Amino acid sequence: MIRMEQRTLGRTGRDVSVVGQGTWQLGGDWGEVREADAFGVLDAAVESGVTFFDTADVYGDGRSEQLIGRYLKDRPDADVFVATKMGRRAEQLPENYVLDNFRTWNDRSRANLGLDTLDLVQLHCPPTAVYSSDAVYDALDTLVAEQRVAAYAVSVETCAEALTAIARPGVASVQIILNPFRLKPLEEVLPAALEAGVGIIARVPLASGLLSGRYTADTVFAPEDHRAYNRHGEAFDQGETFSGIDYATGVAAAAEFAGLAPEGATPAATALRWIIQQPGVTSVIPGARSVEQARANASAAALPPLPQSTLDAVRDLYDRRIRAEVHPRW
């Protein structure tokens with residue numbers, strides 16, 4: 001196995017790899033992934049030094065969790081920290097975020113993953129009011145006390161939600177969209193998390209694949225792929241698809257970003273390297289549907305830090321092409 005840089009995931013006290021493995025793709029919302037291919041992705045990630053898997057109870061209605069559970073049962077030598085999420089199985093109303101529901105959702109995830117105690121459970125982008133509820137955090141503390149979970153965290157859509165959660169002493173980490181097309185978290189969220197000792201998990205790091213530079217205005221996505229059916233937030237938050245950027249705008253910006261990649265580095269690896277070196281980031285969690293993608297994602301950890309000239313160019317690209325379109329909505 002390759003040894004990858006490890007960082008402490010906030011208040012969990014556990015170390016995880018700077019590149020983790022996101023497993024939304026294994027659930028099916030990016031098109032069908034065969035079981036054998038899913039296990040191949042997980043194995044390639046582990047062999048490449050990844051020690052952090054991120055999943056959720058709704059990815060494929062539990063399929064992603066189940067695949068991870070079966071993989072880790074077959075690979076007892078794999079030292080992997082698993083973070084899952086809960087909350088999206090119910091109607092998105094604050095009153096559904098109560099202890100009884102938490103226990104029910106937690107029981108299902110523990111069964112799927114084959115674990116008595118989950119390493120980390122994250123609230124899965126709940127209604128904004130949930131982040132300010134004392135009763136919600138009391139319920140999460142109860143899950144810890146009952147040894148159902150070792151720690152809890154949140155996944156958010158907005159910077160305001162992140163800042164509200166960071167102020168809570170029991171929150172171990174915050175998962176937030178962060179990539180070269182989504183810079184707002186750099187302004188307040190990352191500094192606040194760093195000061196509070198809260199981990200930052202960066203999701204949607206390639207803007208749903210835009211930053212790989214592989215897509216054009218004529219690319220057609222499968223009907224079951226969220227990049228076809230959720231471009232305007234028809235099924236869930238628009239920010240989860242192409243980081244909320246108009247597709248044509250994103251394709252044009254991605255073509256320019258590709259020109260910033262250092263010699264020998266792909267645009268995707270450059271984007272991941274950019275995220276890794278942002279102060280306060282613990283781990284970035286790109287997804288993969290193939291062994292080759294998993295290995296390529298992990299390789300970003302071995303790239304040298306990007307020079308200041310590249311960082312400045314990323315900021316300039318964002319200001320010129322992205323900010324005017326999406327910044328007001330954030």
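Predicted model: local features only at pLDDT ≥ 70, side-chain atom pairs only at ≥ 80, totals over all residues.

**First stop: a pocket.** Begin by selecting Arg3, Gln6, Gly49, Thr51 and Asp79, which are the residues that lie nearest the centre of the second largest pocket, out of the 14 residues that line it. The volume of this pocket is about 240 Å³, and its lining is made up of seven nonpolar, three polar and four charged residues.

**Second stop: a helix.** Now select residues 267-276, which form helix H9, and ask yourself how many of its ten residues are buried. Ten of the ten are buried, so this helix is largely enclosed by the rest of the structure. If you step along H9, you will pass Pro267, Ala268, Ala269, Thr270 and Ala271, and then Leu272, Arg273, Trp274, Ile275 and Ile276, each of them a buried residue.

Although Phe242 is not a glycine, its phi is positive, at about 55 degrees. Is Phe242 buried or exposed? Its relative accessible area is 1%, which is under the 20% cut-off, so Phe242 counts as buried.

Finally, select Ser243, which also belongs to the loop between H7 and H8. Ser243 is a residue other than glycine with a positive phi, near 55 degrees, and with a relative accessibility of 0% it counts as buried.

Conventions. Residues numbered from 1 in each chain as written. Heavy atoms only, no water. 1 Å grid on protein atoms, 1.4 Å probe; cavity = no way out; pocket = protein on both sides within 12 Å on 5 of 7 lines; lining within 4 Å. Points joined across faces, edges and corners; volume = space filled by probe spheres on them. Nonpolar A, V, L, I, M, F, W, Y, C, P; charged D, E, K, R; others polar. Buried < 20%, exposed > 50% of the residue type's maximum accessible area, 1.4 Å probe, protein only. Helix = DSSP H or I, 4+ residues; strand = E, 2+ residues; numbered from the N terminus.
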